[in-house]
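Here is a walk through one structure, element by element. Keep the sequence and the model open as you read.

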Amino acid sequence: MKETECSPLEQPWTSFIKRNCLQINALDFSDLWDEEDLDQDLADDDSSRSESSPVQNPGHNRVPPTPPPAPPLAPSLLPGTSPVPLESGRRTLRLHWRELLSLQPLPRVSRFGPRSIWAALEPVHLDTNRLEYLFKTKSNSSKVLPSLTNGKQKQPCVSVLGVKRSNIITIALSSLPPPHLLPPAIYSMDSSVLDREDVQRLQSLVPSEEELNLIKQAKAQAPHCPLAPAEQCLLTLGNIKHLSSRLQLWAFALDYDTLERELAEPLFHLKLAMEQLAANQTFRCILATVLAIGNFLNGCKARGFELSYLGKLSQVRDTHSRQPLLHHVCVLLLQLYPQSSDLYSDITAVTRASKCDYSQVQASLDQLEALCKASWEQLRLLEKDGERKKGGGGGEERGIGNEGSLRQKLPHFLKECGERLKVLRAVHRRVINRFHSFLLYLGYSRSMVRETSADAFCKTVSDFALEYRATRHAILQQREREQEREREREKDEERGRDPSTPKSKAKALQSPSQDHEEQSKLEEVLKTPTSSSRFDFSLPRRRSKTPNTRGSLPRRLKW
C-alpha cells in the first residue's frame, strides 16, 4: 500500500475535525452565530433578580448585564370608563400562575433582540366591569410448537447447535443469498448483493469461537457426513477474517446518513419553532390578553407569566355562564384583533418539535461520534491484516483483490464523517444555547431555564394552540349560525310585508263591506245570552251521536 494511502489512518482523530459551513445535507444552519457557542450563564440562582449589585462568577470575565428595560404601562380601560381601584373586598377568580415580578436581563448577544417579549407587548383594553361580572366568585397457553420430525434420511447430517440457535440461522438463511456467495460480497461490501437488512441479519449470525470449535470437532469425527445448513453457514462465515469488524464498518457506512438526519432534523425543527413563535403576532396578542385578564382578576401588576399556564386556560371557568377562560380570550381576540389567525397553522414547526425527544440528542450524538472513532480503529485493523496477506502471498486472492476498493473508499468516507460530526456538534450546541436564550426572552428565570426541556415546552405551546384553534372555530361557527338565523328572520318579515305574497293578496281582495258584515255577526253572537232556550238554527253546530235509549222511551210514552 502506498504511503499516501496510509497517511489518513495514521493521523489522530482530532486532525479530521475541521471548521466547516453549518449545513447538513439540505438543512441550513448557517444563521447560527459564533457567539452562540458559549452557553448562557444559568448557574446563577433567582437571587440575582434582586436590586443588589451583580456579582461576577469566578473564572468568567463577563461584563455585568445591562439593567432590565422599564416595565410597560398598565393596560388602559375602554373609553368612557374610569380606572377602578383594586378593592380588597372584591372577590373574583384568581389565576394560579407563576408571576414574573421582574424580568431577567437578556444576554449581550441575543438572536431575539435586546428586550424581553413582555417589554414589547402592547397594552390590551379590557371591559373590567364585564370581567368582574363573569368571574365573580359565588359563596356558598402459550402454544407449544409441535416437534418436526423428518422422514427417512438418506444421509445423516452433523448438527451440534441448539434447536433455538439452529432455527434462528435457518430463518435468516431463507432471506440471504446462498452461503457460498456471502464471503465475496462481504469482502467487497457489495450493496447490490446484500442490503442493510441483510447486513443486520449477518451481524446476528456471527459465530463464536466455541461454536466454531464444536463444528470443527464434529466434522473431524464424521468427515463423510455433511453438515446441517446452520452449521455449514456458521463455518463459512467463520472463515472470513475480522467478520464482525467488516460488518460493523459496512453498517456504519450505510447508516450514517440516516443517523445524522435523525439528529439534525429535531434541531432544525427547534430552531424554526423559535423563529415562528418570536415572529407570530397572534401569539403576542394572546399573551397580552391573558396577562391583562390575569392582572385584573388577581389584582396585581405582573410583568408576565410562565407559559405553562396556557394549558390551564381551558380549565378555568367563569361563575356566570360556566364558559372556560379560553373561550373569553378567543372572544376578546376576535373583537380586539380581528386580523389574528388560529395560531396552530402558523407554528407547524413547534408541533414537529414537540414530538422529538431532545434529552436523547446529546447521547445519540456521543454514540455516533464513538461509532465513527471505532470505525477508524476497525479500518486500521483490516489494513494491517491486508498487508500481512500481501506479504504472505497465499490464499484468498479474490478476497484480497476486492479488499483494494475497501481501502480506497473507507478512509475518505470516515474522514468526511468526522468533519460532518464536528458540524453537527456545533449545530447542537448553538441550537440548545439559542433555546435557552429564547426562554430568557420569554421572561423565564435562569432556574426555570435549567428545568425546562425543549420538547416539554414545545408540547405545551402546541397543545394550547390546538385548543385555541378548536375554541376559535366553535365561536366562529356559532356566529355564522346566528347570522343565518337573523337572515332567515329578516326574510320572513320582508315576506310578510310584501304585497305579492298569497296572504297579502287574500287580505287585499276582501272589501270593506264584507269586513263590516263579519264584524256585526261576531258581535251578535257574543251578545246572545248563554242561558237562553232559543236556539239559532242558522248558526253552525257540531253534530253529536245521540245515546241509544231504545226500550225505556216507549214505556214512558205508554204510561
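Helix axes here are lines fitted to C-alpha atoms over the stretch in contact, and angles between them run from 0 to 180 degrees between N-to-C directions. Two packed helices are described by the angle between their axes and the distance between the axes. The model is predicted.

Start with helix α6 (residues 209-221) and helix α7 (residues 229-238). Their axes come within 10 Å and cross at roughly 115°. The crossing of α6 past α7 is left-handed. On the α6 side, the contact is made by Glu211, Leu212, Ile215 and Lys216. On the α7 side, the partners are Glu231, Leu234, Leu235 and Gly238.

The buried ones are Ala230, Glu231, Cys233, Leu234, Leu235, Thr236 and Leu237. Glu231, Leu234 and Leu235 also belong to the contact with α6. The cover over the buried residues of α7 includes α6 itself, along with α3 (163-173), α4 (182-188), α5 and α8 (243-279).

Follow the chain out of α7. Histidine 242 sits in the loop between α7 and α8. Its phi is positive, about 55°, although histidine 242 is not a glycine. Histidine 242 is partly exposed, at 26% relative accessible area. A second residue of this kind is asparagine 25. Its phi is near 55°, again a positive value in a residue other than glycine. Asparagine 25 lies in the loop between β1 (23-24) and β2 (27-28). With a relative accessible area of 49%, asparagine 25 counts as partly exposed, because the exposed class begins over 50%.

Now to the interior. In soluble globular proteins, nonpolar side chains tend to be buried together. In this model the largest nonpolar core has 129 residues. Trp118, Phe305, Leu307 and Phe457 have the most contacts inside that core. Take phenylalanine 305 and look beyond its neighbours within four places in sequence. Its contacts are then Trp97, Arg98, Leu100, Trp118, Leu287, Val290, Leu291 and Leu310. Trp118, in that list, is itself one of the core residues with the most contacts.

Threonine 282 has 7% relative accessibility and counts as buried, because the cut-off for buried is under 20%. What surrounds threonine 282, once neighbours within four places in sequence are left aside? The contacts are Leu333, Ser340, Ser341, Leu343 and Tyr468. Aspartate 342 is 60 residues from threonine 282 along the chain, yet their C-alpha atoms are separated by 7.8 Å.

Finish with the charged pairs. How many salt bridges does a search of the whole structure find? The count is 18.

In helix α5 (residues 196-204), arginine 201 and aspartate 198 are three residues apart, so about one helical turn separates them. Their side chains meet in a salt bridge, with N to O at 2.6 Å. Aspartate 198 is buried, at 8% relative accessibility. Arginine 201, at 25%, is partly exposed. Helix α5 was named above as part of the cover over α7.

In helix α13 (residues 397-441), the pair is arginine 420 and glutamate 416, four residues apart, about one turn. The closest N and O atoms of this salt bridge are 3.7 Å apart, and the salt-bridge cut-off is within 4 Å. Here arginine 420 is buried, at 18% relative accessibility. Glutamate 416 is partly exposed, at 34%.

In helix α15 (residues 454-497), arginine 489 and glutamate 486 lie three residues apart, about one turn of the helix. The closest N and O atoms of their salt bridge are 2.4 Å apart. Arginine 489 is partly exposed, at 42% relative accessibility. Glutamate 486 is partly exposed too, at 36%. Salt bridges can also share partners: Asp31, Lys271, Glu275 and Arg434 are joined into one network in this way.

Terms used:
Residues are numbered from 1 along each chain as its sequence is written. This is a predicted model: local features need pLDDT of at least 70, side-chain atom pairs count only at pLDDT 80 or more; totals for chains, interfaces and linings use all residues. Side-chain values use heavy atoms; hydrogens and water are left out. Helices (H or I, at least four residues) and strands (E, at least two) are DSSP runs, numbered from the N terminus. Buried means under 20% relative accessible area, exposed over 50%, partly exposed in between (1.4 Å probe, protein chains only). A nonpolar core is a set of buried Ala, Val, Leu, Ile, Met, Phe, Trp, Tyr and Cys residues joined through side-chain atoms within 4.5 Å. Contact means heavy atoms within 4.5 Å. A crossing is left-handed if the near helix is turned anticlockwise from the far one by less than a right angle, and right-handed if clockwise.
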